[in-house]
Amino acid sequence: MSNSVVNAEENTHVLSAEVLITTAFQDADPMGVVYHGNYFRFFEKARHEMLEKIGYSYRDMMASGYVWPIIDTRVKYVKSIPYDHTIRVVATLTEWENRMRVDYVIYDADSGVRMTKAHTMQVAVSIETEEMCFVSPRIFTDKVEAYQHG
């Protein structure tokens, strides 16, 4: 599933994607609740789908000469998620000029109740020099802007 929202003020498309995931038994702790560390796998699936929309997968990143390590995360666990439960994970790009910030919301797929909200921040690092970039590379920003005005 994908989500493309048009911002009426700027007439741009917000880069966003969503995935449906049914949690597995191995995702849960002994109490049957999804272990907090597994949420990052869910975020990753949605982020991957979002970046695929602009043709900037992890292979594309490396081919362009950059890696994008996560430098900061924040997660607010609103409601616990049990195993064998279907969730909808939405990832939205909210910053891209100097770093990549992706905001996430996990919803109960059936009721629409928000269960978690989070964000990750990533920065571009040159593969050649191993130096962090203080401005996102044009290969990335051009793709985002082309999608927005698409």
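**Charged and nonpolar surface features of a predicted model**

Let me begin with Y77, which is partly exposed, with a relative accessible area of 38%. The terms are these: buried means under 20% relative accessible area, exposed means over 50%, and partly exposed lies in between, with a 1.4 Å probe and protein chains only as cover. This is a predicted model, in which local features need pLDDT of at least 70 and side-chain atom pairs count only at pLDDT 80 or more, while totals for chains, interfaces and linings use all residues. Residues are numbered from 1 along each chain as its sequence is written, and side-chain values use heavy atoms, leaving out hydrogens and water.

Y77 belongs to strand β5. Helices (H or I, at least four residues) and strands (E, at least two) are DSSP runs, numbered from the N terminus. In sequence, Y77 is 37 residues from R114, and the two C-alpha atoms are 9.7 Å apart.

Together with R74, K76 and K117, R114 forms a positive surface patch. Patches are made of residues with over 30% relative accessible area and no salt bridge; like charges are joined within 9 Å, and nonpolar side chains (Val, Leu, Ile, Met, Phe, Trp, Tyr) within 5 Å. Lys and Arg count as positive and Asp and Glu as negative, with His and the chain ends not counted. The place of a charge is taken as NZ of Lys, CZ of Arg, CG of Asp or CD of Glu. Accessible areas come from the Shrake-Rupley method with a 1.4 Å probe, and for residues only the protein chains shown count as cover.

Which strands supply the positive patch with at least two residues each? They are β5 (70-77) and β8 (114-122). K117, for its part, lies in β8 and is partly exposed, at 39% relative accessible area.

I turn now to the salt bridges. A salt bridge is a side-chain nitrogen of Lys or Arg within 4 Å of a carboxyl oxygen of Asp or Glu. How many does a search of the whole structure find? The search finds six, and I shall discuss some of them.

In the salt bridge between R47 and E44, the closest N and O atoms are 2.1 Å apart. Both residues sit in helix α1 (residues 39-52), and because they are three residues apart there, about one helical turn separates them. R47 is buried, with a relative accessible area of 5%, whereas E44 is partly exposed at 25%.

R138 is exposed, with a relative accessible area of 57%, while D142 is partly exposed at 36%.

R101 and D103 also form a salt bridge, with closest N and O atoms 2.7 Å apart. R101 is partly exposed at 22% relative accessibility, and D103 is partly exposed at 24%.

There is also a polar contact to report. E18, in strand β3 (residues 16-22), is buried, with a relative accessible area of 10%. Its side chain is joined to that of R88 by a polar contact of 3.4 Å. A polar contact is a pair of N or O atoms within 3.5 Å; within protein, one must be able to donate a hydrogen and the other to accept it, and residues adjacent in sequence count only if both atoms are side-chain atoms.

On the nonpolar side, M62, V67 and I127 form a surface patch with about 250 Å² of accessible area together. M62 is found in helix α2 (residues 58-63) and is exposed, at 53% relative accessible area.

Finally, the loops. Where is D84 found? D84 is in the loop between β5 and β6 (86-95), and its phi is near 60°, a positive value in a residue other than glycine. Most residues other than glycine have a negative phi. D84 is exposed, with a relative accessible area of 59%.

E130 likewise has a positive phi, of about 60°, although it is not a glycine. E130 lies in the loop between β9 and α3 and is exposed at 67%. V135 has its place in the loop between β9 (125-126) and α3, and V135 is exposed at 53% relative accessible area.
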